[in-house]
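Have a look at the fold before reading on.

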Amino acid sequence: MAERKVYFFGNGKAEGNAKMKELLGGKGANLAEMSRLGIPVPAGFTITTEVCTYFMNTKGKYPKGLKREVETALGKVEKIMGMRFGDTKNPLLFSVRSGARVSMPGMMETVLNIGLTSATIPGLVARAGSERFVYDAYRRLIMMYSDVVMEKAAGIEAKEGMGIRQQLEKEMQKMKDSKGVKVDTELDAGDLKKLVNTFKKKVKGVLKKDFPDDPYEQLWGAISAVFKSWNGKRAVSYRRIEKIPADWGTAVNIQTMVFGNMGENSATGVAFTRNPATGENKFYGEFLVNAQGEDVVAGTRTPQAINAVSKMGASKHLPSLEELMPTLYNQLAKIRTKLEKHYRDMQDVEFTIQDGKLFMLQTRVGKRNGAAAIRMAVEMCKEGLISKEEAILRVKPEQLDELLHPMLDPKSEKAAERLAEGLPAGPGGAVGQIVFTADDSEAWANEGKKVVLVRDETSPEDVHGMRPAQAILTAKGGMTSHAALVARGWGKCCIVGCGGLQISASKKVVSVNGKKLREGDWISLNGTKGVVYSGKVGLLPADPRKNVHYKQLMLWADKLRRLNIRTNADTPEDAKMAREFGAEGIGLARTEHMFFGPDRITAMREMILADDEAGRKKALKKLLPLQRKDFIGIFKAMDGLPVTIRTLDPPLHEFLPNDEASQKEMANKLGVSVEAIKAKVQSLHELNPMLGHRGCRLGITYPEITAMQVQAIIEAACRAAKQGVKVQPEIMIPLVGTKAELENQRRLTVDTAEGVMKKAGVRVNYLVGTMIEIPRAALTAEKIAEVAEFFSFGTNDLTQMTFGFSRDDAGKFLPDYLAKKILPAEPFQTLDEEGVGQLVDIGIKRGRASRPDLKVGICGEHGGDPASIDFCHRVGMNYVSCSPFRVPIARLAAAQAAVK
Ligand code: PEP
Ligand code: MG
């Protein structure tokens, strides 16, 4: 532990400063800084976080020398204030507050008015000139102290509703009832005098101890209670959620009390140096005359606006601080400017006016929503307050989400009934009526209804019903489950793995938390948080293209980033949308998605069911023109940009019908027996389909499939090129593990492509490359790169195969892994740098060793995750590819990776 344990501040001086947050906590460091800046701060001192850690490790002991340091600092405060702690004539009172490195709002304890005793009360009454004021302060002290120090810190667990604070509140209510008054301020000095006696008796009766009447006993009691509150229930669970280490500890700030409740010339308030909801550069805040801080928070009185621009809602008609106390308002406004210039960010401040004198009690970087964060960053840069790089770093990439998707209205959300929680697979908000099948979803949507498709899980067969739904909710599956992947691709709100749902699709009911919901019932989803609500929650619309600040920020991001951003898209519509969001190419077109349309699935099934090559070729011929048309559309949408198209990847059984009715329908359509269909489905059944007959293995067994796809791609490219479109096709072979596999498919691809171009009389430049999604491919990348012109890391499969976690089943146990801290993050969401990352790094290095100009990207879901994008930047990839709606997020994250 450092020699110094206590840091003094006050009167334009301080022993600490804003950089010392680790030692002094955020509040302590900023009080020191404000004091140095000459901003009026009530004098005080901070006990370091190291003392807290010592206190915790020694079960409540203080380090040697602490008492002496506290006494010295206290002496300095007394000198500055011209008052003495415990003095009978002019007593100094203290507030004792927690303050960790990062703000943990409301999670730890505070005690105010420390130092009021039977000996000091008369002195304060004489000085304040109001008996009522002093006894009100005293009753507040007894309430807070008995609750925080004598009960909670002593480890006493009161029964629900029987805590000392609640019991005292009941006494106060009794007093108000007997006087026939409603609010505390209507109790007079005599009432309060009686009340404090009742309080003291109650404290003694309940807690079996006298309320301390010695100022130092009060002070040290409060200090240890604040330290202990670091390990209080609320603080511990908040730390777990916010991932704050338990060994940081809290500092304790002991500061001269100033009173906002000393009469009509006193006030207290909170303010933001800019509007935290809109980001507008306008001073914004509220205050209460003749009140203490807790009154502003408690909501028992309506706070007033500090100025005209802050006036809204219930306080609109009330006079502002600017109108009531213009000189003090101007002083506050000057402090606002000083703080912003100094901290170069929006500050959230607390102030108190004591008898016509302004004091600042706190300043910290203010929280803000996404739209406000963007506006502030851009405007502060334009004002010359921060650089472009800083502006880029000021916005969290996820905050862009708020601009890209409609959101549940936070007010309406707060009031809504929470039903269940799942994984936040597709961000934004959605409201709709429950349907249980894809067909119902389609039919209801066609009638103009808004629906939420609720299923155990989804499969490619459900896509027609997923598209028109407002949102998708599944009971099973993880962040790379089919539903999650598809929904994210469309920017659709989606919650998966919502274990609390028990769905009976046949009965069309879902039970959740003992409640039964039926088809047609309304629900609302917060896909950003993964929460499901009952009924209709209000929605806020989104359109980032109208937001000038967003556009500006993205322009700066594009100039600063090194990584290119591509998109995963399989249709011309998605490609177009992604391009509007700033995509610079397609990094993955999953061609299998093109086989599910009603006009295609039959031909696909015919191909799968064919007994020989001739039969397959016949069916493929039907698919060829359809694929070609899709590719032409995509090439046109991406005119001038590269388009990576992947050959068929999933196991074939995914295309076959599994239920009796669809098998019958298919038998009829194809003119074969149901038994034949069943037999084929049976023969294609695999125990481990994800490790089975899929990826390039299909193209090796059935070369005609690859050949048809290459023909469609190159014919489309030639036709588009003839129409003046600049095409850059990149043909990608999936699930390669050896050089020979790729060589086989590459030869087939080149032969087919050359044949097509010769016939068409057009030449287009195309590349043949591969996905790296099998560990063996990463390890043998040097050899594979000899035949691959580009690599695209398929980190969904690579994660699956490196961990040995099934993508489709890991949702069952990954939450336990996260809760038990066996894994730091969901590995299908944020790339596991330590393990999977090594394979990526090795793959790139070895690949470029044999082909220095090898183009490298990523197209797994991680391509849209900011932390993973940072990794992709560091390992020297050329691009990341993500779903269209994540393109802006990736642009910003890539810029942040570059300027960090
Ligand atoms: C991957 O495995 O990362 C990938 C992009 O391919 P898919 O998700 O289609 O298996
Ligand atoms: Mg894959």
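Angles under 35 degrees count as roughly parallel, over 145 as roughly antiparallel, 65 to 115 as roughly perpendicular and anything else as oblique. This is a predicted model, so local features need pLDDT of at least 70 and side-chain atom pairs count only at pLDDT 80 or more, while totals for chains, interfaces and linings use all residues. Residues are numbered from 1 along each chain as its sequence is written, chains are lettered from A and ligands numbered from 1 in the order written, and side-chain values use heavy atoms, with hydrogens and water left out.

**A pair of helices**

Let's start with α5 (residues 131–152) and α6 (residues 164–179), which pack at an angle of about 160° with their axes 9 Å apart. Helices here are DSSP runs of H or I with at least four residues, strands are runs of E with at least two, and both are numbered from the N terminus. The axes are lines fitted to C-alpha atoms, for helices over the stretch in contact, and angles run from 0 to 180 degrees between N-to-C directions. α5 and α6 are therefore roughly antiparallel to each other.

Who does the touching? On the α5 side it's R139, I142, M143, M144, S146, D147 and E151, and they meet I164, R165, L168, E169 and M172 in α6. Contact means heavy atoms within 4.5 Å. By class, that contact has six nonpolar, one polar and five charged residues. For the classes, Ala, Val, Leu, Ile, Met, Phe, Trp, Tyr, Cys and Pro are nonpolar, Asp, Glu, Lys and Arg are charged, and the others, Gly among them, are polar.

**The magnesium site**

Which residues coordinate the magnesium ion (ligand 2)? E773 (OE) and D797 (OD) do, at 2.0 to 2.2 Å. Donors are N, O and S atoms within 2.8 Å of the metal (3.2 Å for Na, K and Ca), and water is not among the atoms, so sites may look incomplete. The pair links distant parts of the chain, 24 residues apart: E773 sits in the loop between β31 (767–772) and α29 (775–779), and D797 in helix α31 (residues 795–803).

**Who's buried?**

Buried means under 20% relative accessible area, exposed means over 50%, and partly exposed lies in between (1.4 Å probe, protein chains only). Here's how some residues come out:

| Residue | Relative accessible area | Class |
|---|---|---|
| E773 | 2% | buried |
| D797 | 2% | buried |
| P642 | 10% | buried |
| T647 | 5% | buried |
| R344 | 30% | partly exposed |

P642 belongs to strand β29 (residues 642–646). Leaving out residues up to four places away in sequence, P642 touches R566, E584, G585, I586, Q728 and E730. P642 and L767 are 125 residues apart in sequence, yet 9.9 Å apart in space, C-alpha to C-alpha.

T647 is in the loop between β29 and α24 (660–670).

R344, in the loop between α12 (326–343) and β12 (347–354), has a positive phi of about 55° although it is not a glycine. D355, in the loop between β12 and β13 (357–365), also has a positive phi, near 45°.

**The whole thing**

The protein has 35 helices and 34 strands, and its C-alpha trace spans about 105 × 60 × 55 Å along the principal axes. Of its 900 residues, 57% count as buried.
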